[in-house]
Amino acid sequence: QVQLQESGPGLVKPSQTLSLTCTVSGGSITTNSYYWSWIRQPPGKGLEWMGAIDYDGNTYYNPSLKRYTSISRDTSKNQFSLQLSSVTPEDTAVYFCGGGSSRYGREYWGQGTQVTVSS
C-alpha cells in the first residue's frame, strides 16, 4: 500500500518561501505513469490544485500559481517537494500531497499539513 506523508514548518512569515516535502513509502515515485501532486485547501474554501511532477521528473503547474511555485524530487529519498515563494496570509491552508496513475486506477493522498502564514 502506497502511503504519503507531508512534512514541513507549520508557520511561515509573509514574503518568505514555504517549503514542504512529501515522503512516499510502499512505492517508487519513478514508477511508470505515476504523477505526484500538491493541492491545498484554504480555510472555508475549496481544493486548489497547485502542480505535479511525473515519473520522469516533468513538472506541471497551475497557471495562476506558476510564477511562485516550484516542485522537485529526490529519487534517492523517494520524496518530492513543494516550494511556494513570496507567501502572503492568503496562502494559509491545509496542504496535501498525493499520487496516482489513471492508467492503473490508483490514487493516494497524505493526511495533509496545516501551514499558517503570519508574522
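Reader: Why is serine 15 called exposed?

Author: Happy to start there: serine 15 has a relative accessible area of 58%, and exposed means over 50%, with buried under 20% and partly exposed in between (1.4 Å probe, protein chains only). Serine 15 therefore falls in the exposed class. Before we go on, this is a predicted model, in which local features need pLDDT of at least 70 and side-chain atom pairs count only at pLDDT 80 or more, while totals for chains, interfaces and linings use all residues. Residues are numbered from 1 along each chain as its sequence is written, and side-chain values use heavy atoms, with hydrogens and water left out.

Reader: Where is serine 15 placed, and what makes its phi worth a remark?

Author: Serine 15 is in the loop between strand 2 (11-12) and strand 3. Strands here are DSSP runs of E, at least two residues long, and helices are runs of H or I, at least four long, each numbered from the N terminus. The phi of serine 15 is positive, about 80°, although the residue is not a glycine. Asparagine 78 also has a positive phi, near 55°, and is not a glycine either. Asparagine 78 sits in the loop between strand 7 and strand 8.

Reader: Is asparagine 78 buried or exposed, and how do you know?

Author: Asparagine 78 has a relative accessible area of 14%, so it counts as buried.

Reader: What makes cysteine 22 and cysteine 97 a disulfide?

Author: Their sulfur atoms are 2.1 Å apart, and a disulfide is called when two cysteine sulfur atoms lie within 2.5 Å, so the pair qualifies. A search of the whole structure finds one disulfide. The two partners come from distant parts of the chain: cysteine 22 belongs to strand 3 (residues 18-25) and cysteine 97 to strand 9 (residues 93-101), 75 residues apart. Cysteine 22 is buried at 0% relative accessibility, and cysteine 97 is buried at 0% as well.

Reader: Why is the disulfide of cysteine 22 and cysteine 97 called right-handed?

Author: The torsion about its S-S bond is about 60°, so the disulfide is right-handed.

Reader: How do you know that serine 37 is buried, and which residues does serine 37 contact?

Author: Serine 37 has 12% relative accessibility, so it counts as buried. Serine 37 lies in strand 4 (residues 35-41). Contact means heavy atoms within 4.5 Å; beyond four places in sequence, the contacts of serine 37 include Trp49, Phe80, Phe96, Cys97 and Trp109.

Reader: What makes the link of arginine 40 and glutamate 48 a salt bridge?

Author: Their side chains meet at 2.8 Å, N to O. A salt bridge needs a side-chain nitrogen of Lys or Arg within 4 Å of a carboxyl oxygen of Asp or Glu, so this pair passes. Arginine 40 also forms a salt bridge with aspartate 91, again at 2.8 Å. The structure holds two salt bridges, and Arg40, Glu48 and Asp91 are linked in a network of them.

Reader: Which of these partners count as buried, and why?

Author: Arginine 40, at 5% relative accessibility, counts as buried, and so does aspartate 91. Glutamate 48 has 22%, so it is partly exposed.

Reader: Which residues touch the most other members of the largest nonpolar core?

Author: In this core of 25 residues, they are Leu4, Leu18, Trp36, Trp38, Phe80 and Tyr95. The elements giving two or more residues to the core are strand 3, strand 4, strand 5 (48-54), strand 8 (79-84), strand 9 and strand 11 (113-117). Strand 3 gives the largest share, four residues. Such a core is a set of buried Ala, Val, Leu, Ile, Met, Phe, Trp, Tyr and Cys residues joined through side-chain atoms within 4.5 Å.
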